[in-house]
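Hello,

Please find the structure below. My notes come after it.

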Amino acid sequence: MDTSNSPRTTSETTPLVSAGTSKKPKTPLPKLQIGILMTLRLVEPIASMSIFPYINQLIRELGITGGDDAAVGYYAGIIESLFFVAQTLTVLRWSRLSDRIGRKPVLLVGLSGTCMSMLCFGLSTTFWGLVVSRCMCGVLNGNVSVLKTMLGELTDSTNMAQGFALLPVMWCIGGFIGPLIGGILARPQDNWPKLFAHPFWSKYPYFLPCAVSACTFVLGFLIVVSFLEETLSTKRRSNDDQEGLSQTSNTPMRSLLTPTIVIPIANYTMLALLDIALMAILPLFLSTPTYLGGLGFTPARIGLWMGIYAMANGIFQALFFAKIVDWVGPKRFFCGAVSCFAPIMLMFPIMSWLVHARGMVDHAITLTLISQLALTMIWDMAYGTVFMFITASAPAKNVLGTVNGLGQTSASMARVVGPAFATSLFAFSKEHNILNGNAVYVIFIVLAGVLRWLGSQLPDKIQDRDE
């Protein structure tokens with residue numbers, strides 16, 4: 001692609017689709033349809049993140065650890081991983097099904113399944129009840145891949161960056177609301193004894209945050225039914241076009257396993273592994289008693305910290321993501337963002353040392369935690385960029401669903417391993433005092449170096465799919 005007429009001539013500082021945008025104006029985003037997709041993207045993290053503030057306390061109350069606080073991480077990691085185990089087995093099938101029957105029916109099934117699974121989670125009083133409900137959520141939910149596919153179909157080379165920049169923003173907003181719901185509404189009979197005096201709330205102390213999360217999926221279901229338009233080409237074109245497109249949609253999976261597609265997916269997979277590990281370690285570290293090297297925060301305090309971080313992250317990405325990517329280029333930005341993971345990990349043992357030295361959580365520890373969360377904001381911005389690389393890697397729109405399905409399947413596999421691997425390493429490091437309990441952080445710093453190398457293999461600029 002010729003960039004001689006572009007304001008910037010070097011490939012690394014060229015905006016995402018600089019050659020395209022220098023020759024033709026940006027296509028306006030279809031605001032209503034994009035808005036609906038972003039609403040659906042919003043409700044997903046509300047459900048997934050709402051359990052993090054109280055999951056460790058719930059595990060303790062179930063009594064399966066025998067009173068051993070250091071073992072809570074093992075069981076919490078299993079619960080957090082089960083959703084992704086089930087999703088790994090089914091998300092590609094949902095994506096390919098959406099290529100045949102349409103995006104909208106698959107979205108409706110996903111919303112219904114997640115709603116039911118959240119209600120079941122809140123009504124579970126045994127460990128196996130939690131297992132079944134989380135598996136149900138993963139099996140019936142292929143929406144993340146379908147949402148990215150629809151966004152790719154609603155955008156073109158001139159506005160793809162603008163559209164995909166919204167995905168992490170909505171995730172952050174949902175990530176703000178979810179932990180607040182989980183942290184504030186868990187055990188309502190303790191916080192508002194007069195309002196929640198019925199024995200039901202003592203028997204099911206975590207049903208309220210699950211029920212509120214489920215209501216957001218009911219709202220999303222109604223919006224999709226009423227206003228969302230189908231984007232699958234075979235559902236919008238003439239019969240002749242449908243016949244031709246249906247033939248090309250049956251592209252063999254093996255033909256898509258090219259370096260152009262595999263490299264962005266590999267980056268997404270490693271990014272997902274490290275990110276879900278961080279999201280599992282952070283609340284576990286915050287809730288771990290101070291004598292074991294944690295901060296000893298309550299679920300409400302954890303929810304408040306995670307909620308404030310998610311909201312600040314969403315605002316930061318909304319204001320600066322597209323500008324920074326245009327300024328430094330997608331590849332440079334991605335590599336810089338993932339380089340923040342190592343210092344993020346280093347701040348965990350720093351806070352543990354400060355707690356041990358000072359005997360309490362003071363201003364120095366709070367400042368370190370704020371600095372860690374600030375670096376995590378930059379780290380999270382890598383998602384928007386890697387989504388664009390994956391979407392642009394699809395050789396044609398008729399295989400976009402399959403490519404996104406492959407990416408989501410790989411990421412889900414990483415998220416299967418991530419929480420259990422991270423929390424088990426955390427518990428093992430603390431129990432056996434390996435490297436003073438810090439072995440878990442060393443291992444993830446090494447893995448961050450692998451991701452940094454993978455980022456260097458990405459193309460220098462985003463491919464123009466229209467050309």
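Predicted model: local features only at pLDDT ≥ 70, side-chain atom pairs only at ≥ 80, totals over all residues.

Residues are numbered from 1 along each chain as its sequence is written, and side-chain values use heavy atoms, with hydrogens and water left out.

Helix packing

Two packed helices are described by the angle between their axes and the distance between the axes. Helices are DSSP runs (H or I, at least four residues), numbered from the N terminus. Axes are lines fitted to C-alpha atoms over the stretch in contact, with angles from 0 to 180 degrees between N-to-C directions. Angles under 35 degrees count as roughly parallel and those over 145 as roughly antiparallel. Contact means heavy atoms within 4.5 Å. A crossing is left-handed if the near helix is turned anticlockwise from the far one by less than a right angle.

H14 (residues 259-287) and H17 (residues 341-358) have axes that come within 12 Å and cross at roughly 15 degrees, so the two helices are roughly parallel to each other. H14 passes H17 in a left-handed crossing. On the H14 side the contact is made by Leu274, Leu278, Ile281, Leu282 and Phe285, and on the H17 side by Phe341, Ile344, Met345, Phe348, Met351 and Ser352. By class, these are 10 nonpolar, one polar and no charged; Ala, Val, Leu, Ile, Met, Phe, Trp, Tyr, Cys and Pro count as nonpolar, Asp, Glu, Lys and Arg as charged, and the others, Gly among them, as polar.

The axes of H14 and H18 (residues 363-380) also come within 12 Å, crossing at roughly 160 degrees, which makes H14 roughly antiparallel to H18. This crossing of H14 and H18 is left-handed. Leu271, Leu274, Asp275, Leu278, Leu282 and Leu286 of H14 meet Leu369, Gln372, Leu373, Thr376, Trp379 and Asp380 of H18. That contact divides into eight nonpolar, two polar and two charged residues.

For H17 and H18, the axes come within 10 Å and cross at roughly 170 degrees, so H17 is roughly antiparallel to H18. The residues in contact include Phe341, Phe348 and Arg358 of H17 and Leu369, Gln372 and Trp379 of H18. The contact of H17 with H18 has 14 nonpolar, four polar and one charged residues.

Pocket and cavities

On a 1 Å grid over the protein atoms alone, a cavity is a set of points where a 1.4 Å probe fits but cannot get out, and a pocket is an open set with protein on both sides within 12 Å along at least five of seven lines; lining residues have an atom within 4 Å of a point. A volume is the space filled by probe spheres set on the points, which are joined across faces, edges and corners.

The largest pocket has a volume of about 320 Å³. Of its 14 lining residues, Leu292, Gly293, Ser352, His356 and Asn436 are the closest to its centre. H17 gives the most to this lining, with five residues. The lining has five nonpolar, eight polar and one charged residues.

There are six cavities of 30 Å³ or more, and the largest cavity holds about 640 Å³ of space. Its lining has 38 residues, with Pro45, Ser48, Met49, Trp171 and Arg415 nearest the centre. Helix H2 (residues 31-50) gives the most to that lining, with six residues.

Regards

How values were computed:
Parallel < 35°, antiparallel > 145°, perpendicular 65-115°, else oblique.
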